[in-house]
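Thanks for coming. I will take a few minutes to go through one model, starting with a loop and ending with a pair of helices and the core.

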Amino acid sequence: MTDSLNAISPAGRVSGKVVFISGAAQGMGASHARVLASEGAKVVIGDLQESAAESLAIEINESEGRTAAASVRLDVTDLESWQLAIETSVTAFGRLDVLVNNAGIYTPGSVLDAEVDDWHRTIDIDLTGTFYGMKVATAELKEQSTASIINISSIAGLVGFKHRAAYAAAKWGVQGLTKTSALDLGEYGIRVNSIHPGSVSTPLTAGLKRGLGQVPAGRAAEVEEISSLVLYLASDEARFVNGAAIAIDGGETAGNNLRADS
Ligand SMILES: NC(=O)c1ccc[n+]([C@@H]2O[C@H](COP(=O)([O-])OP(=O)(O)OC[C@H]3O[C@@H](n4cnc5c(N)ncnc54)[C@H](O)[C@@H]3O)[C@@H](O)[C@H]2O)c1
């Protein structure tokens, strides 16, 4: 195949698919956008950070040598904003095959000392934002014979997480919403899975002092390591994977790593 033909119809594991990613202006979401585009997808970067999202779309288009990315302003806590964002994506690229609900924040605190405002903000962005995204995108995803929703939870949505009451509640909520929706949306050919990363090096975690003693891998993940799983779940290679909650944490939640006898 010539280079120019490649530019029109790139080969790749998600070739021809249109993927919407929330919170993709930086961090893990930006990596997912780059990796999915490099495997043939068209990606839409939705984020509150409009200019960073736009710069990333330009960077991806330049590096892919085709119109592989677009950006749109999105506030995941606002249903109308979701409606506009998905509408804009379908207008730009003609269809929607995959939704990655990635936007998220964390706030500190146990039930004793968490701020009530932080609780509401965390639930609004991490859980309600995911619900809104699924609610709006599902109408478009149903139009395809196969589609995939990938919800980014956390290991805080698999086990208890000290001093993260709101975050853990939201991320467990994401897991429950995922499994329930896998049952509800299966008849429409839509697979719904959740990803549960452990510690990943991103702007979100840059200021945190994180103990990695519980992690057999002994390190945090690089963003691309999480993107590999997103790529798999977005692709038809994962056509029988539905309702799964997949830990990607270097073994952190495999068991108690700190109680070895000496
Ligand atoms: N970094 C980690 O160690 C880690 C571990 C497990 C899970 N996660 C989850 O992965 C996801 C991405 O995390 P990250 O580390 O890349 O974070 P990040 O802070 O680097 O990026 C999050 C993005 O979400 C956007 N965002 C925030 N609020 C938004 C809103 N209301 N509407 C639209 N966009 C909004 C931000 O502008 C930002 O671009 C989050 O859901 C996070 O909870 C992260």
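Let me begin with His-163, which sits in the loop between strand E5 (147-152) and helix H6 (165-185). Keep in mind that this is a predicted model. His-163 is not a glycine, yet its phi is positive, about 65 degrees. For background, most residues other than glycine have a negative phi. Is His-163 buried or exposed? Exposed: His-163 has 12 other C-beta atoms within 10 Å, and the cut-off for exposed is 12 or fewer.

Now the helices. Two packed helices are described by the angle and the distance between their axes. Here I mean helix H2, residues 27-38, and helix H3, residues 50-64; their axes come within 10 Å and cross at roughly 25 degrees. Angles under 35 degrees count as roughly parallel, so H2 and H3 are roughly parallel to each other. The crossing of H2 past H3 is right-handed.

Which residues meet there? From H2 there are Ala-30, Ala-33, Arg-34 and Ala-37, and from H3 there are Leu-56, Ile-60 and Glu-64. In this contact of H2 with H3, 5 residues are nonpolar, 2 are charged and none is polar.

Ala-33 comes up again in the core. The largest nonpolar core has 56 residues, and Ala-33 is among those that touch the most other members, along with Val-19, Leu-36, Val-43, Ile-45, Ala-69 and Ala-234. Leaving out residues up to four places away in sequence, Ala-33 touches Ile-21, Ala-24, Val-43, Ile-45, Leu-56, Ile-60 and Ala-69. Another core, of 14 residues, lies apart from that one and includes Ala-156, Leu-158, Ala-165 and Ala-166.

Methods. Residues are numbered from 1 along each chain as its sequence is written. This is a predicted model: local features need pLDDT of at least 70, side-chain atom pairs count only at pLDDT 80 or more; totals for chains, interfaces and linings use all residues. Axes are lines fitted to C-alpha atoms, for helices over the stretch in contact, and angles run from 0 to 180 degrees between N-to-C directions. Helices (H or I, at least four residues) and strands (E, at least two) are DSSP runs, numbered from the N terminus. Angles under 35 degrees count as roughly parallel, over 145 as roughly antiparallel, 65 to 115 as roughly perpendicular and the rest as oblique. A crossing is left-handed if the near helix is turned anticlockwise from the far one by less than a right angle, and right-handed if clockwise. Two residues are in contact if their C-beta atoms, placed from the backbone, lie within 7 Å. Ala, Val, Leu, Ile, Met, Phe, Trp, Tyr, Cys and Pro count as nonpolar, Asp, Glu, Lys and Arg as charged, and the others, Gly among them, as polar. A nonpolar core is a set of buried Ala, Val, Leu, Ile, Met, Phe, Trp, Tyr and Cys residues joined through C-beta atoms within 7 Å. A residue is buried if 20 or more other C-beta atoms lie within 10 Å of its own, exposed if 12 or fewer, and partly exposed in between; C-beta atoms are placed from the backbone.
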